[in-house]
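Hi,

Here is the structure I promised to pass on.

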Amino acid sequence: MRVVICGGGVIGACTAWFLRRRGIDVIVVERTEVAAAASGKAGGFLAGDWCAGTPLDALARRSFALHAQLPEQIAGDWGYRAMSAYSGFVAADSDPRRDSPSALGWLSDGVIIAQRIGTPKTTSIVHPGKFTSATMNGALALGAELRLGRVTGIVRDADEIAAKGVEVEGSVIEADAVVIAMGPWSLLAAQWMSLPAVYGQRSPSIVYDTGADVPADALFLEHEDGGSAVSIEVFPRADGSTHITALSDIASLPLDPAAVTPDQDAIARLQAMSERLSPLFRPEKIIARQACFRPVTQDGLPLIGKVPQSEGLYVATGHNVWGILNAPATGEALAQLIAEGTTQIDLSPFDPARLSPLDPSLLQAR
Ligand SMILES: Cc1cc2nc3c(=O)[nH]c(=O)nc-3n(C[C@H](O)[C@H](O)[C@H](O)COP(=O)(O)OP(=O)(O)OC[C@H]3O[C@@H](n4cnc5c(N)ncnc54)[C@H](O)[C@@H]3O)c2cc1C
C-alpha cells in the first residue's frame with residue numbers, strides 16, 4: 001500500500017513516521033520546505049490536561065504522553081523538556097504594584113505572577129521546527145520519500161469515488177490513499193473533494209536569543225496595550241531561544257506559504273510589550289520577527305478522518321493552537337485508521353462529515 005501525504009508540516013511529518021513504522025509506503029509532497037509554515041514558527045508549548053472537559057481531551061493526553069516517549073524513538077535533538085507555567089499580568093502605569101518586584105527574578109518589576117498553572121508533570125515544550133524536521137527525517141530513515149512540489153489536484157477512479165493519486169504541477173503520483181495535511185492551505189483541497197472550510201488565523205511572534213538566562217517557565221500574561229487587554233505568551237526553549245507571541249489578527253492567507261509576512265505594526269507593539277517584561281528581551285537579542293497562520297475550523301475542532309463521499313481520501317488539519325501538541329496522536333490515529341480501519345482514540349468528534357462542505361465555487365476566484 002502506498003500513501004501520499006500532502007504537506008510537510010508537523011501533522012504530515014508525524015503521520016509519515018507512524019505510517020512508516022507500520023511498513024506502509026509513504027511519499028510526502030511539500031510545496032515549500034519541511035516546517036516552512038506554522039510548524040516551524042510556533043511556540044512549541046505542550047499541556048497534558050488543559051483540554052480536560054473538551055472533545056480534545058483524549059487526543060491531547062495521548063499526544064502529551066507520546067511527546068515524552070518520542071525522544072527515545074526518533075534520532076535528533078528538538079529540545080523536549082518539562083517545564084512549569086504561570087499566569088499573571090503586567091501592572092499598568094496607574095497600578096501601585098508597577099514597582100513591586102516580580103516573583104520570578106528574571107522579570108521586571110511590576111510583572112505580577114498570579115498563579116502556577118502548569119507543573120513539569122503537566123506541561124512541557126519542544127522546538128517545533130526541530131521536532132517536525134527530526135520526525136520527517138525519522139520517517140525518511142525508515143524509507144519514506146519526500147518530494148518538493150505543489151499538490152494541484154486529486155486523481156480518482158472512473159467512478160470518481162476512490163483516490164488513485166495526486167497531481168503535482170502536471171505530473172501524477174499514484175497512491176492507494178491520500179492524506180490532506182496542508183494546514184490552512186487545506187482549504188484549497190475543498191476544490192477537489194467534499195471538505196468543510198479551513199481558515200487561517202495569523203499571529204506574529206518574536207524569537208529572542210536568551211541563552212541560559214531564562215528559566216524553563218512558560219508565561220501567560222495579560223498586558224494593557226492601547227487601552228485594551230492583550231494576552232501575551234512567553235515560551236523559553238531548551239536551545240536558548242525564547243518565543244513570544246500575542247496579537248492575533250485577521251489577514252488573508254497568501255496562496256504561497258513562503259509569502260507569509262508579519263504586520264510590521266503588530267511586530268513593533270509586540271517588541272515594546274516584550275521589552276516591558278524583562279531586560280533580557282533587548283532588540284539586539286532578536287533572532288526572528290515572523291508570523292504564521294494557524295489552521296482553524298468553523299467549530300474550533302480539527303478535521304481528522306476520512307473525507308466524506310470518497311474512498312482512500314483522508315484529512316488531518318484544523319489543529320488551531322494545539323497542532324504541535326496534538327500532532328503525534330493525530331499521526332498515530334491516522335496510521336491506525338488507514339492500516340486497520342479503526343483507531344484507539346475516538347475520532348468521531350473530529351469527523352469531517354460533522355460540518356457542511358465548502359461550496360467549491362467560492363474558491364474559484366483564488
Ligand atoms: C504564533 C503561533 C504559536 C503557536 N504555538 C503553539 C504551541 O505553543 N503549541 C501548539 O501545540 N501549537 C501551537 N501553534 C499551532 C501550531 O503551530 C499549528 O496548529 C500546527 O503547526 C499546524 O500544523 P500543520 O502541519 O497542520 O500545518 P502547517 O505547519 O501550516 O503545514 C502545512 C504544510 O503544507 C504545505 N503546503 C501548503 N500547500 C501545499 C500544496 N498545495 N502542496 C504541498 N504542500 C503544501 C505548506 O508549505 C506547509 O509546510 C502555534 C501557532 C502559531 C501561529
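**What I found**

Cys292 is buried, with 9% relative accessibility (buried means under 20% relative accessible area, exposed over 50%, partly exposed in between, using a 1.4 Å probe and protein chains only). Before the rest, a word on the source: this is a predicted model, where local features need pLDDT of at least 70, side-chain atom pairs count only at pLDDT 80 or more, and totals for chains, interfaces and linings use all residues. Residues are numbered from 1 along each chain as its sequence is written, and side-chain values use heavy atoms, with hydrogens and water left out.

Staying with the cysteines: there are zero disulfides in the structure, a disulfide being a pair of cysteine sulfur atoms within 2.5 Å. Cys51 is buried too, at a relative accessible area of 3%. The closest cysteine sulfur to that of Cys51 belongs to Cys14 and is 16 Å away, too far for a bond.

(Helices are DSSP runs of H or I with at least four residues, strands are E runs of at least two, and both are numbered from the N terminus.) Helix H1 (residues 10–21) packs on helix H6 (residues 323–340) at an angle of about 40°, and their axes are 8 Å apart. Axes here are lines fitted to C-alpha atoms, for helices over the stretch in contact, and angles run from 0 to 180 degrees between N-to-C directions. That angle makes H1 oblique to H6; under 35 degrees counts as roughly parallel, over 145 as roughly antiparallel, 65 to 115 as roughly perpendicular and the rest as oblique. On the H1 side, the contact is made by Val10, Ile11, Cys14, Thr15, Phe18 and Leu19, while the H6 residues include Ile324, Ala327, Leu334 and Ile338 (contact means heavy atoms within 4.5 Å).

H6 also packs with helix H3 (residues 57–69), this time at about 95° with the axes 7 Å apart. H3 and H6 are therefore roughly perpendicular to each other. Leu59, Ala60, Arg62, Ser63, Phe64, Leu66 and His67 make the contact from H3, and among their H6 partners are Ile324, Ala327, Pro328 and Glu332.

Next, strand E5 (residues 84–90), which holds Ser87 and Ala85. Ala85 is buried at 0% relative accessibility, and Ser87 is buried at 15%. Leaving aside neighbours within four places in sequence, Ala85 is in contact with Phe45, Trp50, Gln115, Arg116, Ile117, Gly118, Thr123, Ala218 and Phe220. The C-alpha atoms of Ala85 and Arg116 are separated by 5.9 Å, although the two are 31 residues apart along the chain. Not counting residues up to four places away in sequence, Ser87 touches Ile112, Ile113, Ala114, Gln115, Ile117, Phe220 and Leu221.

- Leu247 has a phi near 65°, a positive value in a residue other than glycine. Leu247 is in the loop between strand E16 (241–245) and helix H5 (264–277), and is buried at 15% relative accessibility.
- Asn320 has a phi near 55°, again a positive value in a residue other than glycine. Asn320 lies in the loop between strand E19 (313–317) and H6, and counts as partly exposed at 21% relative accessibility.

Cheers
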